[in-house]
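Subject: Structure for you to look over

Hello,

Please find the structure below, with notes on what came out of it.

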2 protein chains.
Amino acid sequence: MALAIGAVDEASVNYDLLSLADVVFLCTPISQIVPTLPKICPYISERTILTDVGSVKAPIVQECSQLWPNFVGGHPMAGTANWGITAAERDLFVGKVYVLTPTEMTPPRAVKKVETIVRSLGSLVYHCSPELHDRAVAWISHLPVIISASLIRACLQEGEAEVRQLAQEFASSGFRDTSRVGGGNPELGVMMARYNRQALLRSLVQYCHSLEELINCIEQENWESLQEILSQTQQGWSGFRSCDGE
Amino acid sequence: MALAIGAVDEASVNYDLLSLADVVFLCTPISQIVPTLPKICPYISERTILTDVGSVKAPIVQECSQLWPNFVGGHPMAGTANWGITAAERDLFVGKVYVLTPTEMTPPRAVKKVETIVRSLGSLVYHCSPELHDRAVAWISHLPVIISASLIRACLQEGEAEVRQLAQEFASSGFRDTSRVGGGNPELGVMMARYNRQALLRSLVQYCHSLEELINCIEQENWESLQEILSQTQQGWSGFRSCDGE
């Protein structure tokens, strides 16, 4: 099907084909990235560059770099809720962040090569260490999944059936947006938490602290402080890349 | 301007004009609904129906019904981030929920009349008690504001400047959606919390409990339970009116 829609020039389930490639993008689920490496290494030459698209970088980069020095960690922050070749979109990466996470050991030639390719897709390329990447995505990608799932769970656990049903009927765009990522693929959520556990827990501690501050304002009817906090979050919101201009 | 764009047939800042109206919609900020009533009562007849559009109902309905027996509480769940006459949209209410909250004391004729008007706008009309309304909207409207604002606040309080900056750069649609309502109008957020304090605090207790369950799974690396919870939230999500079919 990939051949038929013109997404690839050649395709195979046989690793032999990899011997022709200068750069190999590993696009397996995150748990399969490291186990896949030893399977393909026999088919590629020393000069072949390997890169991955996993959403967590530190554990992947550490292991893959040891198995294959010519490895560049990557994380394209684009995608839809769909998957498989039928979900292919020509302009999927245009204007989207693509993070590369080279270490001191990563050959600069390999980084340069991967960057040239992903830049040609229209991506906004960022470089940072695997550790900083993981802490940043814990904030903007993994933490939202957990708090969003907690929102759905809490609503569903409302004890009074009539209130729960009205809440479900009344839910409009505000609820839909806040809860969307918590209603997504459970396997992906578990993988994020599993591979980025420490950074996620660190963000959760700070989040619980912030939540408590807001709850205290409401409990103590301290409306002035609540107003101040909500003014700060309103101002701060537009400082996040995808949140300005709306 | 309202006259010029054809939104109204007559307009005035003088309460005299109200004497012509069969039904008066009070569209002030929530804190001004009750104080406005005594000001307009001298200009209207006993048969005039008053209704409001406040997003919290129990305290409003209780006070307004005492001041004006021919009062029907209402809450149209539609709107944009814009306000004023320039934000007027002909089809704003089409397919949107419009809740009416009559009590045992509300004259059925008044309810019927308001319902006929709002139904003619294309709204989906619901009836429930002011108290059930407030508990339901605490879940789907007020709780999301607090957890969403806590998310923004927590991110902005990340102590390491480089991580904070990367998080702001990497933020994409997942973060934007989860944080959107927490980055909105602070006055509106305070009013929601103030007028619906008890129902909101009740929802917050349950939310903290759900959040704790998820944190425990991550802390204890209980991935099976986390998977089960996220599968439940995925299934449950589509049970909310605006969340299905996406």
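A salt bridge here is a side-chain nitrogen of Lys or Arg within 4 Å of a carboxyl oxygen of Asp or Glu. This is a predicted model, in which local features need pLDDT of at least 70 and side-chain atom pairs count only at pLDDT 80 or more, while totals for chains, interfaces and linings use all residues. Residues are numbered from 1 along each chain as its sequence is written, chains are lettered from A and ligands numbered from 1 in the order in which they are written, and side-chain values use heavy atoms, with hydrogens and water left out.

Salt bridges

Over all chains the count is 18 salt bridges, and twelve are found across the interface of chain B and chain A. B:Arg135 pairs with A:Glu160 (3.1 Å, N to O) and also with A:Glu158 (3.1 Å, N to O). The second pair joins two chains, because B:Arg135 lies in helix H4 (residues 130-156) of chain B and A:Glu158 in the loop between helix H4 (130-156) and helix H5 (161-170) of chain A. Helices (H or I, at least four residues) and strands (E, at least two) are DSSP runs, numbered from the N terminus. Both B:Arg135 and A:Glu158 are buried, buried being under 20% relative accessible area, exposed over 50% and partly exposed in between (1.4 Å probe, protein chains only). A network of salt bridges also links A:Arg135, A:Arg202, B:Glu158 and B:Glu160.

Two pairs lie within a chain. A:Glu115 and A:Arg119 meet at 2.3 Å, N to O; they are four residues apart in helix H3 (residues 108-120) of chain A, about one turn of the helix. A:Glu115 is buried at 16% relative accessibility, whereas A:Arg119 is partly exposed at 45%. In chain B, the closest N and O atoms of B:Lys57 and B:Asp52 are 2.9 Å apart. B:Lys57 is buried at 0% relative accessibility, and B:Asp52 is buried with a relative accessible area of 0%.

The interface

The contact (heavy atoms within 4.5 Å) takes 89 residues from chain B and 90 residues from chain A. B:Arg153, B:Phe170 and B:Phe240 supply 9% of the area that chain B buries against chain A, more than any other three residues. The two chains bury about 8,800 Å² between them, 68% of it on carbon and sulfur atoms; buried area is the accessible area (1.4 Å probe) that two parts lose on being put together, summed over both.

Strands of chain B

Strand S5 (residues 97-100) of chain B is covered on both faces: B:Val97 and B:Val99 on one side and B:Tyr98 and B:Leu100 on the other are all buried. Strands pair if DSSP finds at least two bridges between them. Three bridges join S5(B) to strand S4 (residues 74-76) of chain B, running antiparallel, with B:Gly74 opposite B:Leu100. Four bridges join S5(B) to strand S6 (residues 124-127) of chain B, running parallel, and there B:Val99 stands opposite B:Tyr126.

Chain A

Chain A has nine helices and six strands, and 48% of its 246 residues count as buried. Its C-alpha trace spans about 65 × 40 × 35 Å along its principal axes. A:Met192, in helix H7 (residues 186-195) of chain A, is buried with a relative accessible area of 13%. Not counting residues up to four places away in sequence, A:Met192 touches A:Val56, A:Ser141, A:His142, A:Val145 and A:Arg197.

Regards
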